[in-house]
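Please look over the sequence and the model below.

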Amino acid sequence: MPVRSLAGARVVLTGASSGIGSALAAELSRAGARLLLTARREERLQRIAREIDRPAEPVAYVSGDIREPRTRQQIYDDIERRWGSFDVLINNAGVGAVGPFARASAGRLREIMETNFFAPVELTRLLLPALRQGQTPLIVNVSSVLGHRAMPNKSEYCASKFALHGFSDALRAELAREAIHVMLVSPSTTESDFFEHLLEADSATRVRRGRPMPAATVARIIRRGMRRNVDELILTWSGTGLVWLDRLFPRLANLLAARFGQ
Ligand SMILES: NC(=O)c1ccc[n+]([C@@H]2O[C@H](COP(=O)([O-])OP(=O)(O)OC[C@H]3O[C@@H](n4cnc5c(N)ncnc54)[C@H](OP(=O)(O)O)[C@@H]3O)[C@@H](O)[C@H]2O)c1
């Protein structure tokens with residue numbers, strides 16, 4: 001399996017202001033990558049850019065809502081001005097909500113799909129020409145184990161991550177001839193601001209979180225996966241077990257999800 005060098009790689013990272021994204025920024029910087037970070041909270045991006053140790057070059061950032069075409073255009077313009085082309089796009093920004101579908105609004109579905117699916121897909125479309133000109137180009141899409149096996153009370157989130165999963169598989173096959181690699185990352189529960197940022201948390205719904213993995217560990221595993229050019233990363237044994245249970249015994253997985261997943 002070819003090994004990708006991240007030293008000097010020009011990386012665009014969304015959702016960089018907290019959790020997995022901020023841990024990835026630190027991890028990739030230590031590997032010598034050059035970074036363009038993006039998220040809405042500008043003061044956080046500023047602080048993270050300042051705190052990163054020994055960056056290969058000053059860490060750049062674009063603040064804005066990734067759902068907005070204007071923000072995505074600003075990212076494109078910044079790449080053009082700064083580097084001309086780039087090497088790695090990491091679509092990591094994401095949001096969730098918890099609660100039964102029947103009680104949720106259409107707005108909740110729309111917001112989750114806009115952030116977790118349409119935004120990364122449209123950013124990919126916009127940046128693909130600049131990525132094509134890069135060195136061993138790579139697209140990393142941060143999905144979830146829930147993009148392989150859906151669970152109750154997270155229907156919109158699961159749908160958005162399944163969509164990102166399908167998009168990633170199709171794009172990997174489409175871009176294989178151009179040697180642009182697509183990697184799908186599926187974390188399990190991770191220590192981050194994710195649960196504080198839920199769009200809605202139905203008070204009657206219990207949220208099972210299990211033992212979260214530190215974001216720094218997730219970042220380290222992703223960095224290793226990027227170096228080894230893997231197609232798919234499922235980060236925990238429990239996540240891997242769940243995915244295989246679903247593939248081999250889907251009816252049992254459905255029964256268990258209905259019985260224990262809520
Ligand atoms: N934590 C988990 O248990 C877990 C498990 C599996 C998968 N994941 C996935 O991992 C990814 C990272 O999440 P996390 O756990 O690190 O959560 P987090 O700490 O809440 O980080 C989410 C990031 O996305 C950004 N973001 C959200 N909405 C945005 C928008 N409209 N425009 C621009 N940026 C936006 C946030 O920045 P601003 O708020 O500053 O905009 C933040 O930087 C997500 O895709 C999530 O679905 C998380």
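The charged end of R247 sits over the ring of W244, 5.1 Å from its centre. Here a charge sits over a ring if NZ of Lys or CZ of Arg is within 6 Å of the ring centre and within 35 degrees of the ring normal. This is a predicted model, in which local features need pLDDT of at least 70 and side-chain atom pairs count only at pLDDT 80 or more, while totals for chains, interfaces and linings use all residues. Residues are numbered from 1 along each chain as its sequence is written, and side-chain values use heavy atoms, with hydrogens and water left out.

Rings of Phe, Tyr and Trp (its six-membered ring) pair if their centres lie within 6.5 Å; planes under 30 degrees apart count as stacked, over 60 as edge-to-face and the rest as tilted. F194 has 23% relative accessibility and counts as partly exposed. Buried means under 20% relative accessible area, exposed over 50%, and partly exposed in between (1.4 Å probe, protein chains only). One aromatic cluster is formed by F117, F118 and F167.

F167 is also among the buried residues of helix α5, which include Y157, L164, L171 and L175. Helices (H or I, at least four residues) and strands (E, at least two) are DSSP runs, numbered from the N terminus. Helix α5 takes in residues 155-175; its 21 residues should span 30 Å at 1.5 Å a residue, and its end C-alpha atoms are 30 Å apart, which agrees. The expected span is 1.5 Å times one less than the number of residues. The cover over the buried residues of α5 includes α4 (106-132), β5 (138-142), β6 (181-186) and β7 (232-234).

Strand β6 contains H181. H181 counts as buried, at 14% relative accessibility. Its side chain makes a polar contact of 3.2 Å with the side chain of D231. A polar contact is a pair of N or O atoms within 3.5 Å; within protein, one must be able to donate a hydrogen and the other to accept it, and residues adjacent in sequence count only if both atoms are side-chain atoms.

Now to helix α3 (residues 69-82). Its 14 residues reach 20 Å from first C-alpha to last, close to the 20 Å expected at 1.5 Å a residue. Buried in α3 are T71, R72, I75, D78 and I79. They cover an arc of only 120° around the axis, which puts them on the same side of α3; the arc is that of the directions from the helix axis to the C-beta atoms. An α-helix has 3.6 residues a turn, so residues three or four places apart point the same way. The face turned away from the buried side of α3 carries the exposed residues P69, R70 and R81.

W83 lies in the loop between α3 and β4 (88-91). W83 is buried, with a relative accessible area of 14%. Leaving aside neighbours within four places in sequence, W83 is in contact (heavy atoms within 4.5 Å) with residues including R34, E57 and D78. The side chains of W83 and E57 are joined by a polar contact of 2.9 Å.

R34 lies in strand β2 and is partly exposed, at 25% relative accessible area. The side chain of R34 reaches the backbone oxygen of G8 at 3.1 Å.
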